[in-house]
Structure formats: structure tokens, C-alpha cells
Amino acid sequence: MIAHKTPDKAFPVSWDQFHRDCRALSWRLNETGPFHAVVAITRGGLVPAAIVARELGVRVIDTVCIASYDHLHKSELKVLKGISDMTVKLGGGSGRNLLVVDDLVDTGATARVVRSMIPDAHFATVYAKPLGKPLVDTFITEVSQDTWIYFPWDLDLAFAPPLRDGAA
Ligand SMILES: O=P(O)(O)OC[C@H]1O[C@H](OP(=O)(O)OP(=O)(O)O)[C@H](O)[C@@H]1O
Ligand SMILES: O=c1[nH]c(=O)c2nc[nH]c2[nH]1
Ligand SMILES: [Mg+2]
């Protein structure tokens, strides 16, 4: 396990907000395409990839399966499944006209690995932190490096204590 400081700030995202941000991302990407295929970086990229592909009318969806975080803790990055040969061919070998989608870029380690596979692909994430931002072509919202983004699929409805009882 790689030593990692627990982020100071929390940025929780609701399903509504996430859908709105994915639609905003699709608007931006619509000016850049057309794309022959979408490559989702699993698992976090699956939900935004579905929304973006729907908005842009792309029917070919592939995955590259990468794991590096165990909840808040960064571990060694593992590529569990690569991009299929058919998709790489669609992108002319270098990724031209392919759209890579992930939920966020943090340190940029995940994006760097995927970029090395298809360097000419267009990289899009919904959220970006400063360290990873240079690796992404299009994103919607930037948060500070010491912020942890909580996605709706990782959250549950729960009681929030009143401010006067000591809630932050
Ligand atoms: O820029 P980085 O520092 O590489 O971090 C960003 C990556 O970390 C998260 O994935 P994670 O490895 O947690 O797997 P998951 O998508 O299955 O949740 C997130 O979905 C990005 O893919
Ligand atoms: O849910 C998540 N939120 C984050 O801010 C983050 N950074 C890397 N991996 C992450 N996963
Ligand atoms: Mg991920």
C-alpha cells in the first residue's frame, strides 16, 4: 500500500448533479467529435461513459479495467483488462477518434497508463484535480488536490446531525 494523506475536504455528488455534469461534458465533447467508440475506464468511468455515449449517439463501448484505490488508499496500479484489438483498430492503432471516459483524474496515474496505450485518443473526465489535469483534454469541474470526491454509487442516505450538535 502506498502512503497517502487522508483528504481534508469532502465533495459529495448526488445522482442529479452527476447526471447534469455528464450532460455538460457531453455538450463540450459534441464540439470535438465525432468519435468511433467510447472506452470507459472501469469501474468509475462506466456511468459517465453510458451517459456520454447516449448523448453523442455512440454505440461501440469498450472498457479498460484498472484498479488503484482501495477506498481512500492508493495501491499499486493494476491493469486487469486492456482495450480490445477491435477498438484499437477503430482508432487506427493510436486512438484517433476514440473517446476515453473516466469519472475523475486525481494524480493522473490511471490516465497516464491509458494514454500510453492509445496516445491520440481524446480523454474526458467529469472532475479533475490539479495534478492530473494536464493529462485530460476535456473536464467539467476542478476540485483541489486535498478534496475527496464522493460519487453517488458510493453513498447512502443517512441522518445528518444538526449544526448545533456539533456537525461540521
Ligand atoms: O488519477 P489517479 O490517481 O490514477 O486516480 C483516478 C482513478 O481512481 C479511481 O479509480 P479506482 O482505482 O479507485 O477504481 P474504480 O474506478 O473501480 O473505483 C477513479 O475512478 C479514477 O479511475
Ligand atoms: O471516489 C473517489 N474519489 C476521489 O476523489 C478519488 N481520487 C482517486 N480515486 C478516487 N475515488
Ligand atoms: Mg477508476
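**Close-up 1. Here we look at the surroundings of ligand 2, starting with Trp148.** A polar side-chain atom of Trp148 sits 3.4 Å from a nitrogen atom of ligand 2. On its own, ligand 2 would expose 280 Å², and the protein buries 87% of that (accessible areas come from the Shrake-Rupley method with a 1.4 Å probe; for residues, only the protein chains shown count as cover). Lys129 has a side-chain N or O atom 2.9 Å from an oxygen atom of ligand 2. The residues around this ligand are Tyr69, Leu104, Asp106, Lys129, Trp148, Ile149 and Phe151, where "around" means having a heavy atom within 4 Å of the molecule.

A quick word on what you are viewing: this is a predicted model, in which local features need pLDDT of at least 70 and side-chain atom pairs count only at pLDDT 80 or more, while totals for chains, interfaces and linings use all residues. Residues are numbered from 1 along each chain as its sequence is written, chains are lettered from A and ligands numbered from 1 in the order in which they are written, and side-chain values use heavy atoms, with hydrogens and water left out.

**Close-up 2. Next up is ligand 1 and its neighbours.** Of the 16 residues around ligand 1, Tyr69, Asp102, Asp103, Thr107 and Thr110 come nearest. The side chain of Asp102 puts an N or O atom 2.5 Å from an oxygen atom of the ligand. For Asp103, a polar side-chain atom lies 2.6 Å from an oxygen atom of ligand 1, and a side-chain N or O atom of Thr110 is also 2.6 Å from a ligand oxygen. Taken alone, ligand 1 exposes 490 Å², of which the protein buries 89%.

Close-up 3. An unreviewed UniProt entry lists Arg43, Gly44, Asp102, Asp103, Leu104, Val105, Asp106, Thr107, Gly108, Ala109 and Thr110 as "binding site"; UniProt positions follow the numbering used here, feature names are shortened, and annotations may be inferred rather than shown by experiment. Of these residues, Arg43, Gly44 and Asp102 are among those in the lining of the largest pocket. (On a 1 Å grid over the protein atoms alone, a pocket is an open set of points where a 1.4 Å probe fits, with protein on both sides within 12 Å along at least five of seven lines; lining residues have an atom within 4 Å of a point.) Gly44 is in the loop between strand S2 (37–42) and helix H2 (46–56); helices (H or I, at least four residues) and strands (E, at least two) are DSSP runs, numbered from the N terminus. Arg43 is in the loop between S2 and H2, and a cis peptide bond links Thr42 to Arg43, with omega about -5 degrees.

Close-up 4. Thr87 belongs to helix H3 (residues 85–90). Its relative accessible area is 2%, so Thr87 is buried (buried means under 20%, exposed over 50%, partly exposed in between, using a 1.4 Å probe and protein chains only). The Thr87 side chain makes polar contacts with the side chains of Asp62, at 2.8 Å, and Ser84, at 3.0 Å. (A polar contact is a pair of N or O atoms within 3.5 Å; within protein, one must be able to donate a hydrogen and the other to accept it, and residues adjacent in sequence count only if both atoms are side-chain atoms.)
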